[in-house]
Amino acid sequence: MEHVTRIVIIGGGPGGYEAALVAAQLGAQVTVVEEEGPGGACVLTDCVPSKTLIASSVRKQALLDASSLGVRFDGGPDHDAGGVAVDMIDVNKRVKELALAQSNDIAARLAAEGVEVIRARGRLVDPQVVRAGDRTIRADVVIVATGAHPRVLPGAEPDGERILSWRELYDLEELPEHLIVVGSGVTGAEFAGAYRSLGSEVTLVSSRDRMMPNEDADAAEVLEEVYRRRGMNVMGRSRAASVKRTEHGVVVTLEDGRTAEGSHCLMTVGMVPNTSGLGLEDNGVRLDRNGFIEVDKVSRTSAPGVYAAGDCTGVLMLASVAAMQGRIAVWHALGEAVQPIRLATVAANIFTDPEIAAVGVSQRQIEAGEIEANVVKLPLATNARAKMQGFNDGFVKLFCRPNTGIVLGGVVVAPRASELILAVSVAVQHRLTVDQLAHTFAVYPSLSGSITEAARRLMSPLTAGI
């Protein structure tokens with residue numbers, strides 16, 4: 001009888017459930033051990049809920065901005081000064097319902113593929129044995145995809161009422177009067193923008209010179225300008241030392257002695273991997289000094305037969321990367337043809353308003369002399385469709401090799417940049433040239449026309465017909 005490979009996956013987020021689906025389709029016997037529910041924290045408390053909330057905030061901001069297009073809304077006495085009301089009970093109800101619906105969809109898909117799901121906490125007993133609740137399961141291959149959780153600063157512990165992590169926001173019944181967001185990375189920038197558009201006064205506390213210091217500087221500058229114009233208080237070079245509750249709110253004390261007072265405080269100061277108490281190091285799985293699982297380009301850990309995927313590895317903490325790591329782990333474990341993960345081709349998006357999407361090399365690498373590239377940057381304000389829709393903020397930036405014209409990467413700052421970046425991602429993935437991109441038809445008028453226009457500007461004089 002032919003041996004059927006038994007795969008046990010600890011964690012049901014994108015890294016886990018995508019691995020499970022691929023493994024089942026390849027004929028493996030698959031068990032997923034997940035404590036919170038199919039989809040894991042990504043679907044139930046993190047990515048899906050936050051982007052659902054942001055969708056509501058973007059819709060409200062569009063209504064507020066509509067007057068510049070000659071459209072006005074008179075909502076009556078129950079609406080705010082902008083004529084648009086926000087009901088946080090309804091907003092958060094939709095957030096939770098959509099997250100649960102997405103989790104149920106994933107559960108149905110796993111069931112349809114014959115994947116067993118055990119609702120329990122899993123841990124390694126042996127590199128080939130997993131303990132799931134009161135069950136012990138022997139496996140040929142184990143994939144650890146346990147994710148991560150919000151980091152807590154000593155002196156600023158969330159209480160679920162006034163001092164919050166992003167996982168507790170959706171229990172609020174009223175819009176925070178004045179939300180202080182500590183941490184100006186991607187998560188902090190997203191929530192700060194969302195709550196400002198929903199109607200909260202917002203103070204963003206940044207320990208660095210600018211928002212999102214690890215992202216494209218031009219993009220961060222545009223977003224900070226938009227946020228300030230919308231009335232947000234952005235405090236640069238301001239590291240939080242402590243957060244305390246007051247009688248009616250919170251006070252954030254900075255390391256330089258200054259204070260900021262508000263009704264609520266949201267802590268967005270990073271993630272901690274869910275790797276403790278899983279028996280990993282006892283079974284030869286090496287962790288780095290921050291507790292992340294060390295993996296190679298095909299998701300192998302230091303323990304034979306044990307793979308890892310997703311945020312618990314600290315490798316570009318994105319759902320898309322987690323899913324690809326999980327698939328690669330299965331393909332490698334089952335002896336399928338597999339390419340090592342190529343992080344240089346990963347597209348990432350920041351769900352602010354406007355969105356910021358990027359793929360490939362960065363402006364920082366070019367300026368540091370690490371990569372030689374030609375660069376063009378087109379303001380969105382020159383795009384005909386952007387003018388029609390009243391979009392004045394943002395740009396399209398494209399990078400290519402000087403001699404060959406091969407597209408190396410790009411940055412898009414625009415509404416729905418997450419959709420626009422795909423054209424640049426395809427070009428980077430398949431090593432297309434700016435000539436090939438420039439000769440591709442774009443709809444007129446469209447925002448995507450700025451991508452082909454940027455490519456035309458990067459064409460060599462000979463190929464451009466100049």
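Visitor: What do E1, helix H1 and E2 make?
Guide: In this predicted model, E1, helix H1 (residues 14–25) and E2 make a right-handed β-α-β unit.

Visitor: And in what sense do E1 and E2 pair, parallel or antiparallel?
Guide: E1 and strand E2 (residues 29–33) pair in the parallel sense, over five bridges. Within that pairing, Val8 stands opposite Thr31 in E2.

Visitor: Which strand do four bridges join to E1?
Guide: That is strand E7 (residues 141–144), which runs parallel to E1. Here Ile9 stands opposite Ile143 in E7.

Visitor: Is E1 mostly covered or uncovered?
Guide: Strand E1 (residues 6–10) is mostly covered, with five of its five residues buried. Arg6, Val8 and Ile10 point one way from the strand, while Ile7 and Ile9 point the other way.

Visitor: Changing topic. What is the order of the open sheet of five strands?
Guide: The order is E19-E20-E23-E22-E21, and the pairing is antiparallel.

Visitor: Why is one side of E19 and of E21 left without a neighbour in the sheet?
Guide: Strand E19 (348–350) and strand E21 (374–379) stand at the edges and each has a single partner strand, so one side of each has no neighbour in the sheet. As for the twist, the average is 10° from one strand to the next.

Visitor: How many bridges are there between E22 and E23?
Guide: Six bridges, with strand E22 (residues 395–400) and strand E23 (residues 407–414) paired in the antiparallel sense. Phe399 stands opposite Gly409 in E23.

Visitor: Which strands does helix H6 lie across?
Guide: Helix H6 (residues 217–229) lies across strand E20 (355–360), E21, E22 and E23, and runs at about 175° to E22. Helix H10 (residues 417–429) also packs on the sheet, where it touches E19, E20, E22 and E23. The direction of H10 makes about 175° with that of E23.

Visitor: Back to H6. How many residues does H6 have, and what does it reach from its first C-alpha to its last?
Guide: H6 has 13 residues and reaches 18 Å between those two atoms, close to the 18 Å expected at 1.5 Å a residue.

Visitor: Which residues in H6 are buried?
Guide: Ala219, Ala220, Val222, Leu223, Glu224, Val226 and Tyr227 are buried. Their cover includes helix H5 (186–198), strand E12 (233–235), E20, E22 and E23.

Visitor: What is at the start of H6, and what follows H6?
Guide: At the start, a side-chain oxygen of Asp216 reaches to within 3.1 Å of the backbone nitrogen of Asp218. H6 is followed by Gly231, whose phi is positive, near 100°.

Terms used
Residues are numbered from 1 along each chain as its sequence is written. This is a predicted model: local features need pLDDT of at least 70, side-chain atom pairs count only at pLDDT 80 or more; totals for chains, interfaces and linings use all residues. Side-chain values use heavy atoms; hydrogens and water are left out. Buried means under 20% relative accessible area, exposed over 50%, partly exposed in between (1.4 Å probe, protein chains only). Two strands pair if DSSP finds at least two bridges between them. A crossover is right-handed if, with the strands pointing away from the viewer, the path from the first strand over the helix to the second runs clockwise. Axes are lines fitted to C-alpha atoms, for helices over the stretch in contact, and angles run from 0 to 180 degrees between N-to-C directions. Contact means heavy atoms within 4.5 Å. The expected span of a helix is 1.5 Å times one less than its number of residues. A polar contact is a pair of N or O atoms within 3.5 Å; within protein, one must be able to donate a hydrogen and the other to accept it, and residues adjacent in sequence count only if both atoms are side-chain atoms.
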